[in-house]
Amino acid sequence: MIVDAHAHLWSAPSFSLDEFLKWTTRFGIDKLCVSKLTSTRPASATGFTEANRDVAKAMKDHPDRILGYCYVNPCYEEEALKEFRRCLEEHNMLGLKLYTDCHCLDPRVSPLIDLAIEFRAPILIHTAHLQRRYIGAFQPFHGNPPSVSTTEEIGELARRHPKATFIAAHIGGGGDWEWGIKALRQPGNVMLDTGGTGVDLGMIEMAVRELGAEKIVFGTDNVLCAGFGKVYGADIRDEDRKMILGGNMMRLIERRGIP
Amino acid sequence: MILDVNAYLGHWPFRRLRYNTPEGLMKLMEKAKIDLAAVSSASSVLYRNCQEGNLELHEMVRGHGDRLIPFACINPNYAGWREDLQYCVDEMGVRGLRLHPNYHDYDLSGENATALIQEANNRGLPISVPMRMEDERQPHWLVKVPGVPVHQIIEAINQSPEATFILTHLHFQEAEQIINACPKRQNFLIETTSPYLLGDYPNHLQTLIDKMGVHRILFGSGIPFKYPQAALLKVEHLQVSEEGKKKILGENAAKFLKLDSYG
């Protein structure tokens with residue numbers, strides 16, 4: 001069982017879900033956990049609601065393949081909370097996706113986390129694997145606004161909310177992945193996804209060594225060759241590779257109560 | 001036969017490399033079913049005197065000529081580069097050059113580099129130019145090196161039409177700019193390491209093949225910096241014939257490196 005914990009729907013004409021599904025089938029992915037981001041950010045309430053509608057439709061059209069993350073901008077406090085609840089209750093979405101619209105330690109995020117705890121829903125957070133002091137200086141390369149959450153800050157968020165389950169996104173998404181892995185050593189309730197274009201040799205081995213294979217989930221961020229290349233190429237035990245490729249994410253899916 | 005045209009031995013100052021000895025690299029190649037690799041010294045990239053890295057490489061590849069094909073790293077701004085090049089050709093039997101204008105602080109289309117390119121061409125050596133050694137999103141806080149400017153590549157290609165350039169770790173957008181600026185030039189080849197040369201969806205690599213033909217695409221993975229499986233998957237999933245894949249995986253490179261006379 002291969003589960004992509006971090007995938008996206010994008011917009012036509014540059015993206016076709018049918019075409020993307022053909023590719024993911026060719027690579028052997030059984031289930032895709034997808035979110036859709038708005039094309040301009042910070043997202044408006046109308047924007048994230050429409051994006052989630054597209055995710056819900058994809059889930060309905062491909063019930064065996066696609067699970068959805070609800071994407072919201074926490075700055076729209078009540079509307080964001082209402083939308084997340086609607087996505088959980090009406091569409092049986094898997095979890096919550098947070099991007100750079102609002103920093104993860106902003107108090108407006110807390111009610112969303114409480115709701116995720118209530119529904120045992122994982123929270124996938126776009127993550128900059130860079131020390132906070134370099135976010136500004138390296139901005140031309142990584143492109144994140146100051147409101148992005150760093151790995152260290154997600155670690156702090158997890159300590160504040162020990163009952164929630166977080167997924168720090170794309171260790172291969174650029175930045176100092178060694179720092180990112182070390183920043184997640186302490187909290188037990190943060191998983192790390194393997195997504196992103198980065199395929200630096202040693203990345204997956206270090207993540208397994210420092211965090212344990214049970215805390216790592218396979219993700220592609222839609223970059224399939226890089227996504228599979230690093231996990232297939234890593235010098236790790238086959239049972240750890242299996243857990244990463246699907247076993248760990250299936251645990252989270254089952255915990256959420258999705259059949 | 002799989003030939004990786006973008007491989008290294010030696011050290012990298014900013015993170016630990018694994019498999020960076022000859023035995024290690026060959027073990028990595030074995031696992032990925034890579035038969036041959038064009039290797040240069042990773043240490044040469046940041047040594048002031050990069051010839052010392054070539055000398056280290058000479059020691060390392062000795063006795064492994066059936067698997068490891070040495071490339072020389074030459075800095076045309078540094079004293080004695082002509083003698084160093086001669087040594088690398090005569091004593092090491094290098095099959096190509098690997099130039100790092102961004103790390104060695106020169107313009108690839110400048111006077112000194114043009115003279116080096118001419119010398120390489122006179123000896124029938126292709127010139128490999130890694131556009132970058134690392135993802136620019138993860139620089140060391142003390143050393144931030146931008147990629148090789150695309151305009152330098154375009155000028156060098158046009159200035160030295162007889163030379164053969166192998167552009168490694170080249171992003172798709174950069175490749176498009178070069179193709180558009182040099183539509184009639186056939187003297188540059190593109191290699192598969194870059195993470196921004198997607199091989200799935202959208203399939204940038206397929207787009208380049210449609211524009212350039214399979215004969216100008218070479219397999220390279222950036223070992224031991226990168227997991228080679230990522231680049232191998234790009235070739236595996238191409239919509240080209242098995243013959244075309246064989247060309248990309250090794251036959252094209254073997255031709256440009258003149259491997260029929262190798263060993």
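How many helices and strands does chain A have? Chain A has 11 helices and 10 strands, where helices (H or I, at least four residues) and strands (E, at least two) are DSSP runs numbered from the N terminus. This is a predicted model, in which local features need pLDDT of at least 70, side-chain atom pairs count only at pLDDT 80 or more, and totals for chains, interfaces and linings use all residues. Residues are numbered from 1 along each chain as its sequence is written, and chains are lettered from A and ligands numbered from 1 in the order in which they are written.

**View 1. Chain A as a whole.** The C-alpha atoms of chain A fill a box of roughly 45 × 40 × 35 Å along the principal axes.

**View 2. The open sheet of chain A.** Eight strands with parallel pairing follow the order β1-β2-β3-β4-β5-β8-β9-β10 in chain A; two strands pair if DSSP finds at least two bridges between them. β1 (3-9) and β10 (216-217) of chain A stand at the edges with a single partner strand each, so one side of each has no neighbour in the sheet. Within the sheet, β3 (residues 66-71) and β4 (residues 95-98) of chain A pair in the parallel sense over three bridges. A:Y69 has A:G95 in β4(A) as its bridge partner.

**View 3. Helix α2 on the sheet and beside α3 in chain A.** Helix α2 (residues 45-61) of chain A lies across β1, β2 (31-36) and β3 of chain A, and runs at about 170 degrees to β3(A). Axes are lines fitted to C-alpha atoms, for helices over the stretch in contact, and angles run from 0 to 180 degrees between N-to-C directions. α2(A) and α3(A) pack at an angle of about 10 degrees, with axes 10 Å apart. That makes α2(A) roughly parallel to α3(A); angles under 35 degrees count as roughly parallel, over 145 as roughly antiparallel, 65 to 115 as roughly perpendicular and the rest as oblique. A:A45, A:F48, A:T49 and A:N52 in α2(A) meet A:E79, A:E83 and A:C87 in α3(A), two residues being in contact if their C-beta atoms, placed from the backbone, lie within 7 Å.

**View 4. Helices α3 and α4 of chain A.** The axes of α3 (residues 77-89) and α4 (residues 110-118) of chain A come within 9 Å and cross at roughly 15 degrees. That makes α3(A) roughly parallel to α4(A). A:A80, A:L81, A:F84 and A:R85 in α3(A) meet A:P111, A:L112 and A:L115 in α4(A).

**View 5. Two loops of chain A.** The peptide bond from A:R41 to A:P42 is cis, with omega near 5 degrees. A:P42 is found in the loop between β2 and α2 of chain A. A:D221 is not a glycine, yet has a positive phi of about 55 degrees. The place of A:D221 is the loop between β10 and α10 (224-233) of chain A.

**View 6. The open sheet and a cis bond of chain B.** In chain B, an open sheet of eight strands with parallel pairing has the order β1-β2-β3-β4-β5-β6-β7-β8. Its edge strands are β1 (3-9) and β8 (217-218) of chain B, each pairing on one side only. The peptide bond from B:I223 to B:P224 is cis, with omega near 0 degrees, and B:P224 is found in the loop between β8 and α8 (228-236) of chain B.
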